[in-house]
Amino acid sequence: MKEEIFVSITPKSPIYLGEIKPNTSFLSSKNYLPGGLLLGALGEYLVRSKREGEIREITKKIRFGNFFPSRGETLWAIPFPVTSLECKREPGFKPKSHGIFDSLLVSLAYEELKNIGAKFPVPLDFKCRYSDSNSNCNGRMDRALGFFIKEKNYEKVSLTRISQTKVAINRRRNTAEKEMLYSVTALAPKGVFVGRVWAANGEVELIKEAIEAIGIGGLTGRGYGKVELKESEVRVEPIEKRVKEFNEILRRVWKDLTSISVNSGFPNEPQGFYFSLDLLSPAILRDQNGLPTLKPNLNWIGTKPELVFISNSSTFISGWSTAWGLYKETYMGTSMGSVYVFRVDSEKDISYEELERIELEGIGERTNEGFGEVLICHPFHKEVEQV
Ligand SMILES: [Zn+2]
């Protein structure tokens, strides 16, 4: 039986995550540690310890989530949902900047009310509402990117990259040639990465052994990717509480919107119970016919909730094969931060165990490498005012 375990990864040397974007020779670096890197290291460790025969059985028992940059072992940083917005002119959290908020619940109530015939004086438009004694900002908003943590206050977290110029040695002549200089951009050994692993009790010890022995990412043979791994205590609100709060705030927003609609006669409460499914990593989704899609196709045991709202975009996905030091084929996928909202008639039609199972299993393909990692009712959706 798998259970959710939080793990922190502290880099002891730069981590090389370089990836080659399709159709260009441009080298970029991811800004988090995808679970696939850990799975790859575990596989390599088993091969090196002459346990190839156990790879299939062991990796079936473990699902790796993704590890996001944080500044403390017990602080889980998560990506902003695509619906969160910040001021274009003064991006960032208050009080240093103009604040960040999430537009999902307002957009959801607006769309649902429009569906039942409500009309509004102006189309939905989000402007920066920051004001001080001198002026109101009223500026344009942009999608908030990256990761945040909440200790006492919200804080954005990011990572530091370092570039090192390497000299390729011509093995035959054993000389360094000028045209053989190349540069490696890697994550600096700073801060800590925190994320989830779903494993049976006791498997974390094996993961720790493997990852610390092999290292993660590319160029491990040249000293890159040395890390320390630890089990970590992270406090996360239970799903039921998150879903209930999501609906409470939706009710408040709904009421505010009905009061500004130009026509009347609409229920001043949502006619159903809602929850969101938020992607913490890219997902590889397929429809019933096996064709790529951007919509999740969930296996519900009970009543099937209705998908009523989508905010997402597509992305290229490639895999990393540690054994070969190569990228695997590229897929089209749904990007990190994508948001899906589902509706059921009332709270009793929702099974919280079912939602827990979805978080445990993830959605789509290659979930054991960190793809399709989800969070039900991302806590940032509660921030309907700029924070
Ligand atoms: Zn502003």
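**A close look at the strands and the metal site**

Mentor: Let's start with Ile78, whose bridge partner in β9 is Phe148. Keep in mind that this is a predicted model. That residue pair belongs to the antiparallel pairing of strand β5 (residues 78–79) with strand β9 (residues 147–150), which runs over 2 bridges. With 3 residues between them, β9 and β10 make a hairpin. One thing to bear in mind as you look at the side chains: in a regular strand they alternate between the two faces of the sheet.

Now go to the zinc ion. Its protein donors are Cys87 through SG, His98 through ND1, Cys128 through SG and Cys137 through SG, at 2.1 to 2.3 Å from the metal. The angles among the 4 donor atoms come out at 103 to 113°, and the site is tetrahedral. Along the sequence, the donor residues follow the spacing C-x10-H-x29-C-x8-C. Cys87 has a relative accessible area of 1%, so it is buried. Cys137, at 12%, is buried as well, because the cut-off for that label is under 20%.

There's also an open sheet of 4 strands, in the order β4-β13-β1-β14, with antiparallel pairing. β4 (63–70) and β14 (227–231) are at the edges with a single partner strand each, so one side of each has no neighbour in the sheet. On average, neighbouring strands here are turned by 25° against each other, direction ignored. Inside the sheet, strand β1 (residues 3–11) and strand β13 (residues 192–199) run antiparallel and are joined by 7 bridges. As an example from that pairing, Ile9 stands opposite Phe193 in β13. Helix α4 (residues 203–214) packs on this sheet and touches β1, β4, β13 and β14, with its direction at about 170° to that of β14.

Last stop: Glu354, which you'll find in helix α6 (residues 352–361). Glu354 counts as buried, with 8% relative accessibility. Setting aside neighbours within four places in sequence, Glu354 is in contact with Asn299, Trp300, Ile301 and Gly302.

Methods: Residues are numbered from 1 along each chain as its sequence is written. This is a predicted model: local features need pLDDT of at least 70, side-chain atom pairs count only at pLDDT 80 or more; totals for chains, interfaces and linings use all residues. Side-chain values use heavy atoms; hydrogens and water are left out. Donors are N, O and S atoms within 2.8 Å of the metal (3.2 Å for Na, K and Ca); water is not among the atoms, so sites may look incomplete. Four donors count as tetrahedral if all angles lie between 85 and 135 degrees; four count as square planar and six as octahedral if opposite donors are over 155 degrees apart and all others between 65 and 115; anything else is irregular. Buried means under 20% relative accessible area, exposed over 50%, partly exposed in between (1.4 Å probe, protein chains only). Two strands pair if DSSP finds at least two bridges between them. Contact means heavy atoms within 4.5 Å. Axes are lines fitted to C-alpha atoms, for helices over the stretch in contact, and angles run from 0 to 180 degrees between N-to-C directions.
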